[in-house]
Amino acid sequence: MLAELFAVMAPVLAGAGLGFSWVRLGQSYPVEFVTRLVFNIGTPALVIASLSSAEIEAGNFGRTMLATALVICTMAAMTWPLARLLRKDWRVLLAPAMYPNTGNMGLPVVLYAFGNAGFAYGITVMVTVSLFQFTLGSVMASNSGNALRTLVRTPTVYAILLSLVLLLTDTDLPLWLANSVDLISGFTVPLMLITLGVSLASIQVRSLRSGIGFSLLRIPVAAALAWGIGALLGLPPLAHGIVVLQMSMPVAVFNYLFAQKARREPEYVASLVFCSTLLSLLYLPLLLAWLM
C-alpha cells in the first residue's frame with residue numbers, strides 16, 4: 001500500500017517541486033500566459049479527450065456535478081460560523097472555503113490513484129468548481145454582475161456541452177480530431193503541476209498559524225459534506241470517492257489572485273493556500289489509503 005501511495009504522490013511532488021525550484025533558482029516563468037493557455041486551450045481539450053471517450057453514464061455525470069455544486073454551496077453557508085471561529089471577515093474566507101484546488105493538485109492525484117476511469121469523474125468535479133469559480137468568483141472579486149458574460153466566454157463550457165452530446169449520442173470523434181485533442185490535452189496536467197509549484201514559490205506567507213488553523217477546520221468539514229451528499233444522491237462508489245477526494249484538496253491558488261484583485265487580505269489568503277497545500281502532503285496519503 002505504501003508503494004502505491006508513493007506512486008500516486010511522487011508525480012505531484014516532482015511536478016510541483018520542479019516549478020518551485022525553477023523560480024527559486026531565479027528563472028522566469030510566464031504564469032499569466034501559461035494560466036491562459038491551460039484554462040482556454042488545455043482544459044477544454046482535456047475535458048473533451050477525457051469525457052467523450054469515458055465509460056461514464058450521463059446520469060452519473062449529472063449527479064457528480066450536482067453533488068459538487070451542493071458541497072460548494074454548503075461550504076459557502078458554513079463560511080459564517082467558520083469566520084466567527086477564526087475571527088475573520090467572512091468575505092475573506094468565502095472563496096477559500098468554497099474552491100479547493102481540484103485542477104493543479106486534484107487532477108494529477110485522481111489520475112495516478114484511479115486511472116482513466118476515475119479521471120473522468122475528477123474532470124467532472126474540476127469543471128463544476130471552475131464554473132463556479134470563474135463566474136461567481138469573478139463577480140465577487142470585481143464587484144460587478146458579469147457572470148453570464150464570463151460564462152459565455154469560457155471555452156470549457158462549450159467543451160462540456162460537446163462532451164455531453166457525444167456521451168448522450170454514443171458518438172466518437174473522427175480519429176484525426178480525437179488524436180489532435182488528445183495530443184493538446186497532454187500538456188495540461190504537467191503544466192498545472194509546474195504552475196502550482198511556481199505559485200507556491202512566488203506567494204508571500206505571513207501567518208502559518210492562521211493557515212494551518214483554517215485548513216484543519218475546512219478539510220474535515222468538506223470531506224464529511226462530500227461524503228454525506230454523495231451518499232444521499234446515490235453516487236457510484238468510484239464517483240463518490242473522487243468527489244470526497246477532490247473537495248478535500250487544499251485551497252486553490254486562484255483564490256489568492258482573486259483576493260489580490262478584490263483587495264481582501266491577499267497576504268492572509270496566501271497563507272491559506274500555502275499551508276493547506278503543505279498539509280495536503282500529510283493528509284492526502286491517509287485519505288487515499290481509505291478511498292483506494
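## Ground rules

Buried means that a residue has under 20% relative accessible area, exposed means over 50%, and partly exposed is anything in between, worked out with a 1.4 Å probe and protein chains only. This is a predicted model, so local features need pLDDT of at least 70 and side-chain atom pairs count only at pLDDT 80 or more, while totals for chains, interfaces and linings use all residues. Residues are numbered from 1 along each chain as its sequence is written, and side-chain values use heavy atoms, with hydrogens and water left out.

## Cysteines

Let's start with sulfur. Cys275 counts as buried because its relative accessibility is 3%. Cys73 comes out as partly exposed, at 42%. A disulfide is a covalent bond between the sulfur atoms of two cysteines. Here the cut-off is a pair of cysteine sulfur atoms within 2.5 Å, and the structure holds zero of them.

Helices here are DSSP runs (H or I, at least four residues), numbered from the N terminus; strands would be E runs of at least two. Thr64 sits in helix α3, residues 58-86. Thr64 is buried because its relative accessible area is 0%. Contact means heavy atoms within 4.5 Å. Setting aside neighbours within four places in sequence, Thr64 is in contact with Tyr121, Thr124, Val125, Leu235, Ala239 and Val243.

Arg218 belongs to helix α10, residues 208-232. A salt bridge needs a side-chain nitrogen of Lys or Arg within 4 Å of a carboxyl oxygen of Asp or Glu. Leaving out residues up to four places away in sequence, Arg218 touches Met75, Pro96, Ala97, Pro100, Met247 and Met249.

Helix α4 (residues 90-98) is mostly covered, with seven of its nine residues buried. Those are Val92, Leu93, Leu94, Ala95, Pro96, Ala97 and Met98. Pro96 and Ala97 also turn up among the contacts of Arg218.

Glu265 lies in the loop between α12 (254-262) and α13 (266-291). Not counting residues up to four places away in sequence, Glu265 touches Lys88 and Val92. At 33% relative accessible area, Glu265 is partly exposed.

## Positive phi in two loops

Arg87 is in the loop between α3 and α4. Its phi is near 60°, a positive value in a residue other than glycine. Arg87 counts as exposed because its relative accessibility is 76%.

Asp170 also isn't a glycine, and has a positive phi of about 55°. You'll find Asp170 in the loop between α7 (155-169) and α8 (175-185). At 68% relative accessibility, Asp170 counts as exposed.

## A nonpolar surface patch

Leu13, Leu278 and Leu281 form a nonpolar patch on the surface, with about 240 Å² of accessible area together. Patches take residues with over 30% relative accessible area and no salt bridge, joining nonpolar side chains (Val, Leu, Ile, Met, Phe, Trp, Tyr) within 5 Å and like charges within 9 Å. The areas come from the Shrake-Rupley method with a 1.4 Å probe, and for residues only the protein chains shown count as cover. Leu13 is in helix α1, residues 2-24, and is partly exposed at 43% relative accessibility.
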